[in-house]
Amino acid sequence: MAVATFPQQPGVVRRAAQALDGMLHAMRYVATPFGRDPRLDLLRGFCVFAMIVDHIGGVSWLYWLTGGNTGPVTAAEGFVFLSGLVLGIVSRRRIEKNGLRAAVITTLRRALTLYLLTVVLTLVFLGLTVGTSLALWVDRSLLGEVESWPALIGAVAAVRFTWNGTDILALYALLLAAAPLALVLLSAGRALPLLVASWALWLGYQVLPETLVVPWHIEHATTFPFAAWQALFISALTLGYHRRELSHWLTHESQRPTGAGLVYRAGLGAAACGLLLLAASLTPGQAYAATATVLPLTAVDLFDKASLGVGRILTFAVVAVAVYGGLTLFWRPIERLTGWLLIPLGQVSLYAYTVHLFLILAAYNVPPYVGSPEAGWELHNTVGQLLLVLILWAMVKRKVLFSLIPR
């Protein structure tokens, strides 16, 4: 009885594998020794895009991309982390080239710029609140009756009062004002004590949020308390400062025999997937309601944004690694598809944040009025949000008010 046989074709399989490997290699990001990392600019640009869409609000199909500012990860975490990461990278280079003093002075100048921008924008929107009937991003009734304008202006100048979106700018100003101390410790090789102190402050805020108010109470800034959010910034600053060492370690680990740590890597992957599934099911405000039998979940919102809950931090870490890895592996097609829009926005993120506050004002007060929460307005809001993003992009490309608005 004859048995049919089929010829083996190892050459075809090998060539197909080589072609696939070559295609994947061609899509990868290739680092250059000098200049900006466009991946970071693209990521910040996406945060700008998500920020505009989510802050305008209303019903929109774009929330499938941005999360609608209600998910376990938002643009805010991305902004704070990327700001710290870039500062760490740039400060390391500056310290090596010009010394620690130059890096500290540059950082403090940036902090001063952010402080002045915070004060000016707060006063501008206070004026619009009391002097006009325009629809604002914030509920104007929260302001109440202004009993003393000199006292209110003094509170704004002392960074004890923010309004209509300047709370995040105040946080940035305070973070940059504190950054020189972190740079001194990092330059002295004291990264571990810095991280321990930073996360101890974060933990203290989780336990005693009403008591551990650092550096002081800021009215209308409860969404971004310094004591909680500094941990994300300081951690990113440390990672950026030690980026070279981290890169060398990751390269070394990737070249080890894959079988040696297969179980370990599989366990990490399973844990990461499980965390993402948990984050998807436990949205902010629902973590404590997941079950009535587990005491920690009934007492603490693991995904609380203001306190930067542990669930939110872990989810952000998983998402950040996955997104950065995917961006590195598939850089060329992603850059060609979205780089024209996102990279310019990411390169001027402070300018973008400033302008977007006025774009929100236009969205709410200029026909055809974008941001309606009523069902049936999804297409209208989606088109309007995209249009406002493109207006900001056009302003960036044409450098509108670049001499006035910091970048």
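Start by selecting R92 and E96: they are four residues apart in helix α4 (residues 75-98), so about one helical turn separates them. Helices here are DSSP runs of H or I at least four residues long, strands are E runs of at least two, and numbering goes from the N terminus. Show the side chains, and you'll see R92 and E96 meet in a salt bridge, 2.9 Å from N to O.

Buried means under 20% relative accessible area, exposed means over 50%, and partly exposed is in between, with a 1.4 Å probe and protein chains only.

Before you go on, keep in mind that this is a predicted model: local features need pLDDT of at least 70 and side-chain atom pairs count only at pLDDT 80 or more, while totals for chains, interfaces and linings use all residues. Residues are numbered from 1 along each chain as its sequence is written, and side-chain values use heavy atoms, with hydrogens and water left out.

Select D37 and R39: their closest N and O atoms are 2.9 Å apart, and both residues are buried. Then pick R44 and D41, whose closest N and O atoms are 3.7 Å apart. R44 and D41 sit three residues apart in helix α2 (residues 38-56), about one turn of the helix, and both are buried.

Next, the inside. The largest nonpolar core has 99 residues, and V80, W229, Y351 and L392 touch the most other members. (A nonpolar core is a set of buried Ala, Val, Leu, Ile, Met, Phe, Trp, Tyr and Cys residues joined through side-chain atoms within 4.5 Å.) Colour helix α7 (residues 167-187) too, as it gives the most to this core, with 13 residues. Then zoom in on L392: among its contacts beyond four places in sequence are V48, I52, L345 and Y351. Contact means heavy atoms within 4.5 Å.

Hop over to T129 in helix α5 (residues 100-131). T129 is buried, at 6% relative accessibility. Which residues does T129 touch, not counting those up to four places away in sequence? They are L136, R140, L143 and W163.

For the surface, select M23, L24, L329 and F330, which make a nonpolar patch of about 340 Å². M23 comes from helix α1 (residues 10-27) and is partly exposed at 47% relative accessibility.

Now zoom out. You're looking at 16 helices and zero strands, and 41% of the 407 residues count as buried.

Last stop: colour by pLDDT, the predictor's confidence in each residue, from 0 to 100. The mean is 87, and 84% of the residues reach 70 or more. Over residues 284-298 the pLDDT is below 50, though this stretch has 24 contacts in the model beyond near neighbours in sequence. Where pLDDT is low, the predicted coordinates should not be read in detail.

Technical notes. Patches are made of residues with over 30% relative accessible area and no salt bridge: like charges are joined within 9 Å, nonpolar side chains (Val, Leu, Ile, Met, Phe, Trp, Tyr) within 5 Å. Accessible areas come from the Shrake-Rupley method with a 1.4 Å probe; for residues, only the protein chains shown count as cover. A salt bridge is a side-chain nitrogen of Lys or Arg within 4 Å of a carboxyl oxygen of Asp or Glu.
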